[in-house]
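Hello,

Here is the structure we spoke about. My notes on its charged side chains follow.

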Amino acid sequence: MPAAEAEAVLTTDEVASYELAFHVLPTVAEGEVPTVFESIKAAVSKAGATISDEEAPERFELAYEIVQNVEGKNRKYGSAYFGWVRFTCEPEKIAVITEEVEGNGNILRHLLIRLTRAEEQNPFRFHEAIKDQKMVTTVEESEVVPDTTTVSKEESDHTTEEESAEVDEKELDKALKEKDV
């Protein structure tokens, strides 16, 4: 929900819960990512919001490349550091927070949403979820099945002319038609 819509939903004396999700540029050194994260949290706090939950940015592969204009050139990014911050504040403060985040040159993109009560009570831990989905598993040596499809050099030297002959395309087509394949 854009900041202007978020402000229109509530009156000025009400407080709402929000989540600011963001991608930090992959060109930021890994050791500097916590500094960028702290600057985002500082911008949220400076606007008068109270931080209630967070997930520190960690690097992961994006589902698709994101193109961003950096220093006059379009750059493609296939990975980024993803994190989020949840906070409560008055709706009129959202524009200030959005402006601060957009002014941060280390942010690839961001999304600010107003949370429902169900979302407030059940935060989604992205990095925990993708760790559970990783496809890498450890295989014990006793579980390894020998590969019988490979041919040794000695066996390959004894191929017959029939096995190594090239296939005639017309003969192949004719044979397939006869078999109704």
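Lys46 is exposed, with a relative accessible area of 64% (exposed means over 50%, buried under 20%, partly exposed in between; 1.4 Å probe, protein chains only). This is a predicted model: local features need pLDDT of at least 70, side-chain atom pairs count only at pLDDT 80 or more, and totals for chains, interfaces and linings use all residues. Residues are numbered from 1 along each chain as its sequence is written, and side-chain values use heavy atoms, with hydrogens and water left out.

The salt bridges come next. The structure holds four (a side-chain nitrogen of Lys or Arg within 4 Å of a carboxyl oxygen of Asp or Glu).

Lys46 pairs with Glu100 at 3.5 Å, N to O. Lys46 lies in helix H2 and Glu100 in helix H3 (residues 94–102), so the pair ties together parts 54 residues apart in sequence. Helices (H or I, at least four residues) and strands (E, at least two) are DSSP runs, numbered from the N terminus. Glu100 is partly exposed, at 35%.

Salt bridges that share partners join Glu38, Lys41 and Glu54 into one network. The closest N and O atoms of Lys41 and Glu38 are 3.1 Å apart. Both residues sit in helix H2 (residues 33–46), three residues apart. Lys41 is buried at 13%; Glu38 is partly exposed at 44%.

Glu19 and Arg86 form a salt bridge too, at 2.7 Å, N to O. Glu19 is in strand S1 (residues 16–24) and Arg86 in strand S3 (residues 73–89), so this pair links parts 67 residues apart in sequence. Glu19 is buried at 14%, and Arg86 is buried at 6%.

Best wishes
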